[in-house]
Amino acid sequence: MGNIRVEGKKLIYQRKDELTIIEPYGMNCLRCRSTKNSKILDENWTVLPPATADDCHIECDGRFATITNGAMKAAKTNRRFLLPAQAL
């Protein structure tokens, strides 16, 4: 079982050395980064800066979390990601 937390506009899931970060990236867009290392470098690599502002809302109780940015929504339990049909 992993740990879910919110830092600013980032939804963070960590389990052992695995790390996943979901964050808004412009309107109607979510950026998901994941690694089996214990940290993610904050490099943009080939990602362009977001062209529009985000409309991000995050709800988290430690066991279940949702991040919504405009028309995009992702849900996460402390065990697994949910499919969009299950999350809505």
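## A quick tour of the sheet and its salt bridges

Three strands line up here as an open sheet in the order β5-β6-β7, with antiparallel pairing. At its edges sit β5 (56-60) and β7 (72-77), each pairing on one side only. Going from one strand to the next, the twist averages 10°. Keep in mind that this is a predicted model.

**How the strands pair up**

- Start with β5 and strand β6 (residues 64-69): they run antiparallel and are joined by 5 bridges.

**Cysteines**

- How many disulfides are there? The count comes to 0, where a disulfide would need a pair of cysteine sulfur atoms within 2.5 Å.
- Cys32 is exposed, with a relative accessible area of 52%.
- Cys60 has a relative accessible area of 33%, so it goes down as partly exposed.

**Salt bridges**

- The count of salt bridges comes to 5, and among them are the ones below.
- Glu7 forms a salt bridge with Arg5, and the closest N and O atoms are 3.0 Å apart.
- Both ends of that one are partly exposed: Glu7 has 42% relative accessibility, and Arg5 has a relative accessible area of 28%.
- Arg15 forms a salt bridge with Glu18, with 3.1 Å between the closest N and O atoms.
- Arg15 is partly exposed, at a relative accessible area of 29%, and Glu18 counts as partly exposed too, at 30%.
- Which residue does Arg33 meet in a salt bridge? Its side chain meets that of Glu23, at 2.9 Å from N to O.
- Arg33 lies in strand β4 (residues 30-35) and Glu23 in strand β3 (residues 18-24), so this pair ties together parts that are 10 residues apart in sequence.
- Are Arg33 and Glu23 buried or exposed? Arg33 is buried, and so is Glu23.

Definitions and conventions: Residues are numbered from 1 along each chain as its sequence is written. This is a predicted model: local features need pLDDT of at least 70, side-chain atom pairs count only at pLDDT 80 or more; totals for chains, interfaces and linings use all residues. Side-chain values use heavy atoms; hydrogens and water are left out. Two strands pair if DSSP finds at least two bridges between them. Helices (H or I, at least four residues) and strands (E, at least two) are DSSP runs, numbered from the N terminus. Axes are lines fitted to C-alpha atoms, for helices over the stretch in contact, and angles run from 0 to 180 degrees between N-to-C directions. Buried means under 20% relative accessible area, exposed over 50%, partly exposed in between (1.4 Å probe, protein chains only). A salt bridge is a side-chain nitrogen of Lys or Arg within 4 Å of a carboxyl oxygen of Asp or Glu.
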